[in-house]
Amino acid sequence: MREVYLDNAATMTKIPEAIKVEAEFYELVNANPLRGLYKKSVQAETEVEVCRKKLLKLARADESYTVIFTRGTTEALNLVASGLLRGSDGFGVVSKNSRVVVDIESHHSNILPFKQRYKNVIIAKKMDARELFAAEVISLTGVSNVTGKDFTKRIKKVRKMCPKAILGVDMAQMLCHTSVDLKALKIDFMAFSGHKFGAPMGIGGLVIKKELAEKLRPLFYGGEMVEAVSPEGKPSLAEIPERLEAGTLNIGGIYGLSRAVDFWLSRDILKEALKVSKMKEMAKKRLLKVPGVKVLASNGPILTFQMKDVHPHDVAQVLADSGISVRAGYLCAEPFLRYKGWGPVVRVSFSIFNNLEDVSRLVEAVSSVREKMGVKNVR
Ligand code: PLP
């Protein structure tokens, strides 16, 4: 039985070339990039810099931005939350008591890095003037991992309402899934994960205004981020971006990321997204006819539903037994699911690598859930 993978919002099916070049890096290059004087090390370093440039192009960011590589969105948001805190080391721009606003649609990765470090974190539900009042840092969801909703308009509105705040966006579900234009959004930073758009896991980053990056405290200290170290006194730290990238980078991942970015740069992202969304719409139309199915949200590649009298985990288990991989539960967005009064859900998320046969397999499997769970059919 062929497995049907419909959990692309958790991690997208990989772009074959992206994982091939990752493996090739280790086979053919396998050098640590910084400070190496030999050819392969220089080659690796060149790829790192080329990848930064491609990412700026992909995000339509001008030269006022730079790229900091991290393991992904979660680490990037932790770097921002920690780095912005003013300290006696001269880094940071805000205090523990500063007002930080995140949106209710946020993934836990956009809530917890701030909640753990700041005393005044507002989880905004309306994003109105009252909630945004005196906000010094605002970190918003680009595209919801629960509903697939695109918040581009909201981000622009918040920028207008709060021209002075540090404004960032969690683009884990946004980059390569819709049109991204940092210049138009006028944001200060955005966080992304390569694995959400076909690149390997363990590589992502922060695209951030250079001026702001200069002020960020490093999250990690160690090799590659320092110019000079003496037994006494303070080390002299490297310039950005290296200052914020301590230790050996995931260079294999960067090779893969670079190739995934090439893939998306060579395509019309909106057209691809529309194709995926149409496929999901077909699934929605057919699922709505299945007794007991209640669709809660359906936008872009994501469809979120519940089935009457069957727990989402049981739905996902029956689907798994039929070779269909979907996600169930709180989707790392528990405050939002509780706020909506939904509780746990089942999420189906498509990618460009799915097809109409996958839709049929999904519908067939969902249609069998109630009977397999011994629940009477309802209308
Ligand atoms: N933000 C959103 C909206 C997500 O969907 C995810 C992953 O599910 C994350 C952040 C965290 O991404 P990562 O685990 O790659 O750091």
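Colleague: Leaving aside neighbours within four places in sequence, which residues is Met190 in contact with?

Modeller: Two residues are in contact if their C-beta atoms, placed from the backbone, lie within 7 Å. Beyond its sequence neighbours, Met190 is in contact with Ala59, Gly168, Val169, Met171, Leu182 and Val207. This is a predicted model, so local features need pLDDT of at least 70, side-chain atom pairs count only at pLDDT 80 or more, and totals for chains, interfaces and linings use all residues. Residues are numbered from 1 along each chain as its sequence is written.

Colleague: Which residues have the most contacts inside the largest nonpolar core?

Modeller: A nonpolar core is a set of buried Ala, Val, Leu, Ile, Met, Phe, Trp, Tyr and Cys residues joined through C-beta atoms within 7 Å. Buried means 20 or more other C-beta atoms within 10 Å of the residue's own, exposed means 12 or fewer, and partly exposed is in between. Here the largest core has 108 residues, and Met190 and Val207 have the most contacts inside it. Helix H9 (residues 251-265) contributes the most to this core, 6 residues; helices (H or I, at least four residues) and strands (E, at least two) are DSSP runs, numbered from the N terminus. At least three residues of the core come from each of domain 1 (4-11 + 269-372) and domain 2 (16-265).

Colleague: How many residues does each domain give to the contact between them?

Modeller: The domain bounds come from an automatic or database domain assignment, which gives domain 1 (4-11 + 269-372) and domain 2 (16-265). Taken over C-alpha atoms, the centres of the two domains are 29 Å apart. Domain 1 puts 18 residues into the contact and domain 2 puts in 24. On the side of domain 1 that touches domain 2, helix H10 (269-287), strand S11 (293-299), strand S12 (302-307) and helix H12 (334-339) each supply at least two residues. H12 has the largest share of that side, 4 residues. By type, that side divides into 14 nonpolar, 4 polar and no charged residues. Ala, Val, Leu, Ile, Met, Phe, Trp, Tyr, Cys and Pro count as nonpolar, Asp, Glu, Lys and Arg as charged, and the others, Gly among them, as polar.

Colleague: Now the ligand. Which residues come nearest to it?

Modeller: A residue is near a molecule if its C-beta atom, placed from the backbone, lies within 6 Å of it. There are 14 residues around the ligand, and Gly72, Thr74, His107, Asn145 and Ser193 come nearest. Helix H3 (73-83) and helix H4 (108-115) are the elements that give two or more residues to this shell. The shell is made up of 3 nonpolar, 10 polar and 1 charged residues.

Colleague: How far apart are the end C-alpha atoms of helix H1?

Modeller: The expected span of a helix is 1.5 Å times one less than its number of residues. H1 (residues 16-29) has 14 residues, so it should span 20 Å, and its end C-alpha atoms are 19 Å apart, which agrees. For helix H13 (residues 356-372), the 17 residues should span 24 Å, and the ends are 24 Å apart.

Colleague: Which residues of H1 are buried?

Modeller: An α-helix has 3.6 residues a turn, so residues three or four places apart point the same way. In H1, Ala18, Val21, Glu22 and Phe25 are buried, and what covers them includes H9. The buried residues of H13 include Leu362, Ala365, Val366 and Val369.

Colleague: Last, the loop between strand S7 (189-193) and strand S8 (204-209). What does its Gly202 touch?

Modeller: Not counting residues up to four places away in sequence, Gly202 touches Arg71, Asn250 and Gly253. Gly202 and Thr73 are 129 residues apart in sequence, yet 9.8 Å apart in space, C-alpha to C-alpha. Gly202 counts as partly exposed, with 18 C-beta neighbours inside 10 Å.
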